[in-house]
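Please read the numbered points alongside the sequence and the model.

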Amino acid sequence: MQKRNNCVAPPVGMIGPRVACLSKMTKIAFNKAAAEQGLFSGQQDILFLINNNEGISLGELSKELGVAVATASVSVKRMEKAGFIIKKADEDDARLTRLYPTEKAKQAPENIRRKMDMLDDVLKKGMTEEETHILSKLLDRAIENMKSEDNIDD
């Protein structure tokens, strides 16, 4: 087996290792795009949630993310320090803190989306529109196949 771009080239016909390699490479590119906006890996999810749910509480945020409040709190503090989030006390219950995006936070998703569109263009490079459509359909089928397995959680 030959190694290429941090991925081991599997035998022809093996799909799983190729998908894993592509996933790893796209995740690296996505994290780089987020980092260019001043975000650490995973913080983009917080950013998207706060942008779409202005005034969300820390408890609601942690529930949406599926993490402990303490875990979400650490990221929120970092993001507040970096100028992405403003915390305000709830008008009706001062014990409750609400989270709001700053202008910097509102611009970041658009900048990340532009980078991801460019990445999508790279992925399709050298493919016809028909080949892109076929690959998309085949990947959708593979995803559905994995979802149908009892040991795979969605």
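**Notes on the fold**

1. Strand β4 (residues 85-89) is joined to β5 by 5 bridges, and the two run antiparallel. Two strands are said to pair if DSSP finds at least two bridges between them. Within this pairing, K88 stands opposite R98 in β5, and I85 stands opposite P101 in β5.

2. The model is a predicted one: local features need pLDDT of at least 70, side-chain atom pairs count only at pLDDT 80 or more, and totals for chains, interfaces and linings use all residues. Residues are numbered from 1 along each chain as its sequence is written, and side-chain values use heavy atoms, with hydrogens and water left out.

3. Strand β5 (residues 97-101) also pairs with strand β3 (residues 56-57), in the antiparallel sense and over 2 bridges. Here I56 stands opposite L99 in β5.

4. Which order do the strands of the open sheet take? The sheet has 3 strands in the order β3-β5-β4, with antiparallel pairing. Its edge strands are β3 and β4, each of which pairs on one side only. As a general point, side chains in a regular strand alternate between the two faces of the sheet.

5. The protein chain as a whole has 6 helices and 5 strands. Helices (H or I, at least four residues) and strands (E, at least two) are DSSP runs, numbered from the N terminus. Along the sequence, these elements follow the pattern β-β-α-α-β-α-α-β-β-α-α. The radius of gyration of the protein chain is 20 Å, well over the 15 Å that the globule rule gives for 154 residues, so the chain is more spread out than a compact globule. This radius is taken over C-alpha atoms, and the globule rule is 2.2 Å times the number of residues to the power 0.38.

6. Along the principal axes, the C-alpha atoms of the protein chain fill a box of roughly 60 × 35 × 30 Å. Of the 154 residues, 24% count as buried, meaning under 20% relative accessible area with a 1.4 Å probe, protein chains only.

7. Among contacts in the protein chain with a separation of 6 or more, 47% come from residues 24 or more positions apart; a contact means heavy atoms within 4.5 Å.

Technical notes: Buried < 20%, exposed > 50% of the residue type's maximum accessible area, 1.4 Å probe, protein only.
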